Amino acid sequence: MLPLSQNHGGTFTDVALTAGVAFNEDGKSFAGMGVDFADYDNDGRPDITVTDLSDQRYLLYHNNGDGTFSDVTNPSGVGSATLKYSGWSTRLLDIDNDGWKDLFVAQGHVMDNIEVTSPNLSYRQPPLLLRNLRGRFTQMDAGPSLKTVWAGRGAALGDLDNDGDIDIVVANIGEKAYILRNAGGNQNGWIGIRTRGRRSNSDGLGCKLKVVAASGATQYYTVTTTAGYLSASDKRVIVGLGSERSAKSVEIHWPSGIVQRLENVPAGKWIDVVEPQQ
């Protein structure tokens, strides 16, 4: 991944270098095909996940809150779970609506003859789903579909059947796209949020959401369609509440600067949030 540069009045600084995300913890560069920027540990600060090639491990950078990031790839469990894979589109998403964002990756090696030179690797690979257990990631058994191998590349996410959990569509090289339908995520509590801007853009893209459950557990989301690799996803946000059945508050920070607050929002329903005029 090439370090990014930022122009400050004619002087360029390497943003990635100073932020600590240009290299891994060993000081090495990496391929970097897919990326997502989301809060995996519910501390209110978006973190970074990056996919790369086999034998490199996918990267997870924790946001320190001061403009820098720490490489937590190994202590988080992401490193050991991804060493043999090549990842493309990726997304931090709450697949089981327990209130913690899990990690999904569409996978497949870049070389279709990699088995010839590296018999321990494979061109077609199963998609990866890691469950987030309060900041520690572990392999998740989500059925036979995630054991089937494809040459995965793009992945778009959204609630295709409007039942309150996130489904996944994956595009493959030389093969049909496939749909991974979430068949149980809505057993936990959830709230679906659709934003519509007035002073801001009409889709509400860029909105920052803070959701506080009845217990006080807090989650943070950004309204966006972009993440991963060559993919665009559903802009709607599904917030998992686990065993809780309501949110004490939903706070929306609009790109215009307007802050909107909803209180005592019941679980199990979609809500439309329209930006106030002032």
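User: Which residue does Val169 stand opposite in S13?

Analyst: Val169 stands opposite Ile179 in S13. Before we go on, a word about the model: it is predicted, so local features need pLDDT of at least 70 and side-chain atom pairs count only at pLDDT 80 or more, while totals for chains, interfaces and linings use all residues. Residues are numbered from 1 along each chain as its sequence is written, and side-chain values use heavy atoms, with hydrogens and water left out.

User: What makes S12 and strand S13 a pair?

Analyst: Strands are DSSP runs of E with at least two residues, numbered from the N terminus, and two of them pair if DSSP finds at least two bridges between them. S12 and strand S13 (residues 175-180) have 4 bridges, in the antiparallel sense, so they meet the rule of at least two. In their hairpin, 2 residues lie between the strands, and Gly174 takes a positive phi near 70 degrees.

User: How do you know that strand S11 and strand S12 pair too?

Analyst: The same rule of at least two bridges applies. Strand S11 (residues 152-158) and strand S12 (residues 167-172) are joined over 5 bridges, again antiparallel. As an example, the bridge partner of Ala155 in S12 is Val170.

User: Why is Asn172 called buried?

Analyst: Buried means under 20% relative accessible area, exposed means over 50%, and partly exposed is in between, using a 1.4 Å probe and protein chains only. Asn172, in strand S12, has a relative accessible area of 10%, so it counts as buried.

User: What does Asn172 touch, not counting residues up to four places away in sequence?

Analyst: A contact means heavy atoms within 4.5 Å. By that rule Asn172 touches Trp150, Ala151, Gly152, Ala177 and Tyr178.

User: Why does Gln107 count as buried?

Analyst: Gln107, found in strand S8, has 1% relative accessibility, so it falls under the cut-off for buried.

User: Why are strand S7 and strand S10 said to stand at the edges?

Analyst: The open sheet has 4 strands in the order S7-S8-S9-S10, with antiparallel pairing. Strand S7 (87-93) and strand S10 (136-139) each have a single partner strand, so one side of each is left without a neighbour in the sheet. Inside this sheet, strand S8 (residues 102-107) and strand S9 (residues 128-133) pair over 3 bridges, and Phe104 has Leu129 as its bridge partner in S9.

User: What makes Lys101 count as lying over the face of Tyr221?

Analyst: A charge sits over a ring if NZ of Lys or CZ of Arg is within 6 Å of the ring centre and within 35 degrees of the ring normal. Lys101 lies over the face of Tyr221 at 4.0 Å from the ring centre, so the distance is within the limit of 6 Å. Arg236 lies over the face of Trp270 at 4.4 Å from the ring centre, and that distance is also within 6 Å.
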